[in-house]
Amino acid sequence: MSGNQKLRRPRTGRMISGVCAGLANFFGLDVSIIRIVYVILTFFTAFAGIPIYLLMWIIISQEPNHYFHD
């Protein structure tokens, strides 16, 4: 990991909102592994992963759009 890397939700390679894809990019892991581990942990923690996912969706910013500038 480089020192200037930021946790962001990517615009490509995401399924719902890009939280797992952003975590996978940040930690340099495969996104499938992150998704499987997240689903298993959500199931075994009485679905506590759902509100955590929603919070991360709100907190983690989306990467900027390089093709369209506001």
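The protein has three helices and zero strands. Helices (H or I, at least four residues) and strands (E, at least two) are DSSP runs, numbered from the N terminus. This is a predicted model, in which local features need pLDDT of at least 70 and side-chain atom pairs count only at pLDDT 80 or more, while totals for chains, interfaces and linings use all residues. Residues are numbered from 1 along each chain as its sequence is written, and side-chain values use heavy atoms, with hydrogens and water left out.

**Whole chain.** Along the sequence the pattern reads α-α-α. Taken along the principal axes, the C-alpha atoms fill a box of roughly 40 × 25 × 20 Å. Of the 70 residues, 24% are buried. Buried means under 20% relative accessible area, exposed means over 50%, and partly exposed lies in between (1.4 Å probe, protein chains only). Among contacts (heavy atoms within 4.5 Å) between residues at least 6 apart in sequence, 47% join residues at least 24 apart.

**Helix 1 against helix 3.** Select residues 19–27 for helix 1 and residues 49–59 for helix 3. They pack at an angle of about 70 degrees, with their axes 10 Å apart. Axes here are lines fitted to C-alpha atoms, for helices over the stretch in contact, and angles run from 0 to 180 degrees between N-to-C directions. Helix 1 and helix 3 are therefore roughly perpendicular to each other.

Now show side chains. Val19, Cys20 and Leu23 from helix 1 meet Tyr53, Met56 and Trp57 from helix 3. The residues of this contact divide into six nonpolar, no polar and no charged. Ala, Val, Leu, Ile, Met, Phe, Trp, Tyr, Cys and Pro count as nonpolar, Asp, Glu, Lys and Arg as charged, and the others, Gly among them, as polar.

**The core.** Select Val19, Cys20, Leu23, Ala24, Ile34, Tyr38, Tyr53, Met56 and Ile60. These nine residues form the largest nonpolar core. Such a core is a set of buried Ala, Val, Leu, Ile, Met, Phe, Trp, Tyr and Cys residues joined through side-chain atoms within 4.5 Å. Helix 1, helix 2 (31–44) and helix 3 each give two or more residues to this core. Helix 1 gives the most, with four.

Centre on Val19. Leaving aside neighbours within four places in sequence, Val19 is in contact with Arg9, Tyr53, Met56, Trp57 and Ile60.

**Before helix 1.** Step back to Ser17, in the segment before helix 1. Ser17 is buried, with a relative accessible area of 1%. Beyond its neighbours within four places in sequence, Ser17 is in contact with Arg9, Tyr53 and Trp57.

**The loop between helix 2 and helix 3.** Select Ala46 in this loop. Ala46 has a positive phi of about 55 degrees although it is not a glycine. At 66% relative accessibility, Ala46 counts as exposed. Then pick Phe47, found in the loop between helix 2 and helix 3. Phe47 is not a glycine either, yet has a positive phi of about 65 degrees. Phe47 is partly exposed, at 48% relative accessible area.

**Last stop.** Find Ile52 in helix 3. Ile52 is partly exposed, with a relative accessible area of 44%. Draw a C-alpha to C-alpha line from Ile52 to Thr42: they are ten residues apart in sequence and 9.4 Å apart in space.

Methods: Angles under 35 degrees count as roughly parallel, over 145 as roughly antiparallel, 65 to 115 as roughly perpendicular and the rest as oblique.
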